Amino acid sequence: MKRFDLIIVGAGPSGLSAAIEAANRGMNVVVFDENEKPGGQLFKQIHKFFGSKEHKAKVRGFVIGEQLLKEASEAGVTVVLNATVIGLYQDKEVVVKIGDGVEHYKADSVLIATGASENMVTFEGWTLPGVIGAGAAQTMMNLHGIKPGQKVLMLGSGNVGLVVSFQLLQAGCEVVGLVDAAPRVGGYGVHAAKIARCGVPFYLSHTIVKAEGTDCVTGVTIAQVDKNFQFVEGSEKHFDVDTICLAVGLSPMSQLLKMAGCKMEDNPKRGGQVPICDEFGATSIPGIFVAGDVSGIEEASSAMIGGRIAGITAAQYLGFIDKEEQLTKCEENKKALDGLRQGMFAPKNRGKLVEKTEEGIPVSMNLLEKGFIANDEMERFPGVTHKAGVHPVMECTQNIPCNPCQDACPKHCIKIGEKITSLPAVDESVDCIGCGMCVASCSGQAIFLLDETYEEGFAAVTLPYEFLPLPKEGEKGYGLGRDGKVVCEAEVVQVKTAKAFDHTNLLTIKVPADMAMKARFYKKEA
Amino acid sequence: MGNTADVIIIGGGIIGCATAYYLAKKNVSVIVLEKDKSIGNGGSSRNGGGVRQSGRDPRELPLAMYAVEHMWPTLSEELGVDVEYHKEGNLRLGKTKKHLEILQGLTDKAQACGLKVNMIDANEVKRINPYLSDEVIGASWCPTDGHANPLTATLGFYKAARALGVRFYTGEDVIAIKKIKGIANTVVTKKNVYTGGKIILASGYASRKIAATVGIDVPMQNVLIEALVTEAEPKMFNQMLGTADADFYGHQTNHGSFVFGGASGYEEMNKDDGTQPTSSITAPCICRGIMKYIPKLADAKIVRTWAGYEDVSADGIPVISKIDEVPGLILACGFTGHGFGIAPVVGKLLSELGTDQQTTLDLKEFRYDRFKAVI
Amino acid sequence: MENIFDRSVDLGEFVPQPDDDMIVCRCEEVTKGQIRQAVHDGMFTITEIRRYLRTGMGLCQGQTCAKLVKRIVANELKVSMDVLEPASSRAPMRPIEMEVFARENN
């Protein structure tokens, strides 16, 4: 029987964060993970994260994973991979499958950070090969370099469905549509806008009627649903697809906690069966802690903070630090956590329709219903201004806790202010130098540089571009509107790639002057 | 409606459900009170599914033989639920001379009671079950033994009883039986009071505490057992298996999965925290035991382990008895881990006791007042 | 279900639904109709449904269908999903070969 101060199950964002905090306070910590790679979901996240600078905003998920691993290793944490915890027995005994056998471990404290598993929905043909979870698609693409299919339909307009749809496009798949039974897009508007301008149609108030095919998926039929989620007759639409991705939520993988005898509750707000725990992640059994999705579905940033709080608390539980230090450190983290839980997508707003921004501006209903902001809705937001010469246009119209753009501008012409959820505004008194740092810094890819007086009769639009191959300067093609439809002819006048942009390329296209506020994406001439 | 019936049964396990079913068939009104949220969540769902006659105490053997002959073969049809009964024999395996001696002793006893059981050699064992290892040098063989599915059998009795109008209440925790003017006809739960012409107490080890409320005690003990379940495997054999060494017991189910019980040796000293805990060392131990006998299962995946309790009586057979001092009360407990195979006949016998009929089989060996001091 | 549950409660007639033949538990190939019928047969808890039909007892150990089954049962019983207690969690959390489980390396 091997013995540790703290055994952590799950080397994802919360588990690693907890391990770092605990080990830095002198604890002997081991982390088990059943996967061959650590990092949990982080290593599948190739997009830049939202948030504040202190909390790794604009850093891509997998990079955060690498940073955490390095920190953990420096702190002396033992991370054991391909190690499947098969049970949490009496007296905090953990049995782990490692290699060709099982090993018994005990610890004075145990932290369960096993994350979540994907939900499924049933429809005719849902068991056909080709119907997969969006997370599975992400694993295939981003961990194993395998395209899940050629033509894909995505069900679910939450952030997972939106982000994975974009990644499917990046991988070279065709996304024939994004479907959700809800009448409005569930995830961040900026994520939706990113795929809408690539031409992915949104079918809100729609759901899947059936997956077609005998041995595997060859097509899908969707139909509109009414307020009671009943199909509207005659509204069926068919698509030829080989893959159907389901992004319909996650369920905490809390079985170990239930096995250990922790008090559990069924809490739909937290995603299902979760342990009853306090604000520090302590469960009903002294010495057993939880952090991350297993204690309630959120996202990686809050999982990391939750992990830190639980790790600090475990250190206090075993006397490595005193109560005062624990409370002070946890308080700092809680403040950060509260910061992340602000804005339109805060847990308290789940399922509610927020009609006005914190600034009192009516939100774009087109964005919620179709995935993109309508041309006539754009001008009312503080990120949109007009003047001669280059200037940024920030199509960031929902209050989300994110502010890297504010610090990205060397001239400080972008203002968010104290409140991290405020919409970014342009300080028109400062001249933009057109460096494009703000464009590359925006995790939502919602910042554009406009030069409305670029040439006589023409404007230049600089947009973030994360597709390969990169267009070439001088190349001719089309400008696409926010809805992904061709609005004009366009010419690539500049392609900028820089280390500081972190793989977000800046594409500048020349479009007719009246298209300056309409053209938001570029497509090469066929 | 209300809380009154001809018979109140305490305990919604297979004994309670079977009794309710046979009573209902006699047009007797029945209420079953079950403490748990689920029907049959005690030993009824936590046993190896053996329908054995061999290895039984001679006093209990007539019940097992009756059930095998008259009840199990038609039970699926009777209940409208497939109880997956197989009457394809029981092999009790031996690997050493000492094992064979133990088996011989058991065989002699059973033969004396008129049961067809005999010793067979390694070749014969292999002929019956070619998957067994060469370490097996002999076995006792009872061709009329078998196994069934405890889960569907228990729920089958429940379903059939319910369909006949038996009222089941789950989550109903009985705290006392009360005598009214000398007759036990009242059952008090945490929230309600039920009255009936007869009360049948069949709640496993919990019967002890409830019987105590009318001054009756049956010496018994709550003993932990553990088992494991494999994924579905291609059909290999249909016999029930056991060993002279008691390393493991079990069978392959219709579904294809194997259910094997076994022990680490520390079961009687388990640290019960009320959650029916499995121990971290028992399943590996059972696995090692099984692989010595059935090497082919080495790569079968274990998908589940579970633990349960046996209500082990002081002399190894149950109490199935009216209580003289408590008129109206009938007690059925202490089944000692082999109640499942005789559950149908016990249900039938209890339904006869509950209606003051002559019982089909003699129950004098199962009286509650048989426990005496050793000297 | 903390409360006392009367198993004779009237659920009404079993009315077939067009998607009754849809598989819900794919490991054990149990259909929606079977689950609905089981509720009408008196199986009111997730534990009873599992034991009666084997839902969630296969290789994925209910990871995929647990919520789906729960929704169907809750619907049939006309109760909210959170009153139905999930089935027990049992080791091993992932299927494990007998010879691996048997080999205790420390």
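User: In this predicted model, how many residues of domain 2 of chain A are in contact with domain 3 of chain A?

Analyst: The model is predicted, and chain A is divided into domain 1 (2-117 + 250-340), domain 2 (120-246) and domain 3 (372-524). The centres of domains 2 and 3 of chain A, taken over C-alpha atoms, are separated by 28 Å. On the side of domain 3 of chain A, 18 residues take part in the contact; on the side of domain 2 of chain A, the number is twelve.

User: Which helix gives the largest share of the side of domain 2 of chain A that touches domain 3 of chain A?

Analyst: By class, this side of domain 2 of chain A has six nonpolar, four polar and two charged residues. The largest share of it, six residues, comes from residues 189-196 of chain A, that is, from helix α5.

User: Which strands of chain A are the edge strands of the open sheet of seven strands?

Analyst: The strands of this sheet in chain A follow the order β20-β23-β24-β27-β26-β25-β28, with antiparallel pairing. From one strand to the next, the twist averages 40°. An edge strand here pairs on one side only, which holds for β20 (390-394) and β28 (521-524) of chain A.

User: How many residues of domain 2 of chain B take part in the contact with domain 1 of chain B?

Analyst: Chain B is divided into domain 1 (4-48 + 151-219 + 315-366) and domain 2 (90-143 + 221-313). Their C-alpha centres lie 30 Å apart. Domain 1 of chain B gives 18 residues to the contact, and domain 2 of chain B gives 14.

User: How far apart are the end C-alpha atoms of residues 7-24 of chain B?

Analyst: According to an unreviewed UniProt entry, the annotation "transmembrane region" covers residues 7-24 of chain B. In the model, the chain over these residues is 61% helix and 22% strand. The distance between the end C-alpha atoms of this stretch of chain B is 10 Å.

User: Is B:Asp173 buried, partly exposed or exposed, and why?

Analyst: B:Asp173 is found in the loop between β8 and β9 (174-180) of chain B. Leaving aside residues up to four places away in sequence, B:Asp173 touches B:Lys35, B:Thr189 and B:Lys190. A residue is buried if 20 or more other C-beta atoms lie within 10 Å of its own, and exposed if 12 or fewer do. Because 14 other C-beta atoms lie within 10 Å of B:Asp173, this residue is partly exposed.

User: What distance separates the C-alpha atoms of B:Asp173 and B:Leu33?

Analyst: Along the chain, B:Asp173 and B:Leu33 are 140 residues apart. In the model, the separation of their C-alpha atoms is 7.6 Å.

User: How many residues of chain C are in contact with chain B?

Analyst: On the side of chain B, 37 residues take part. The elements of chain B that give two or more residues to this side are α5 (150-163), β8 (167-170), α7 (282-293) and β16 (301-313). By class, the residues of this side of chain B divide into 17 nonpolar, nine polar and eleven charged. Their partners in chain C number 30 residues.

User: Which residue in β1(C) is the bridge partner of B:Tyr169?

Analyst: Strand β8(B) and strand β1 (residues 5-6) of chain C run antiparallel and are joined by two bridges. In β1(C), the partner of B:Tyr169 is C:Asp6.

User: How many residues of chain A are in contact with chain B?

Analyst: Chain B contributes six residues to this contact. These divide into two nonpolar, two polar and two charged residues. On the side of chain A, the number of residues is eight.

User: What percentage of the residues of chain C count as buried?

Analyst: Chain C has four helices and four strands, which follow the pattern β-β-β-α-α-α-β-α along the sequence. Its C-alpha atoms fill a box of roughly 55 × 35 × 20 Å, taken along the principal axes. Of the 106 residues of chain C, the share that counts as buried is 51%.

Conventions
Residues are numbered from 1 along each chain as its sequence is written. Chains are lettered from A and ligands numbered from 1 in the order in which they are written. This is a predicted model: local features need pLDDT of at least 70, side-chain atom pairs count only at pLDDT 80 or more; totals for chains, interfaces and linings use all residues. Two residues are in contact if their C-beta atoms, placed from the backbone, lie within 7 Å. Ala, Val, Leu, Ile, Met, Phe, Trp, Tyr, Cys and Pro count as nonpolar, Asp, Glu, Lys and Arg as charged, and the others, Gly among them, as polar. Two strands pair if DSSP finds at least two bridges between them. UniProt positions are given in the numbering used here, feature names are shortened, and annotations may be inferred rather than shown by experiment. Domain bounds come from an automatic or database domain assignment. Axes are lines fitted to C-alpha atoms, for helices over the stretch in contact, and angles run from 0 to 180 degrees between N-to-C directions.
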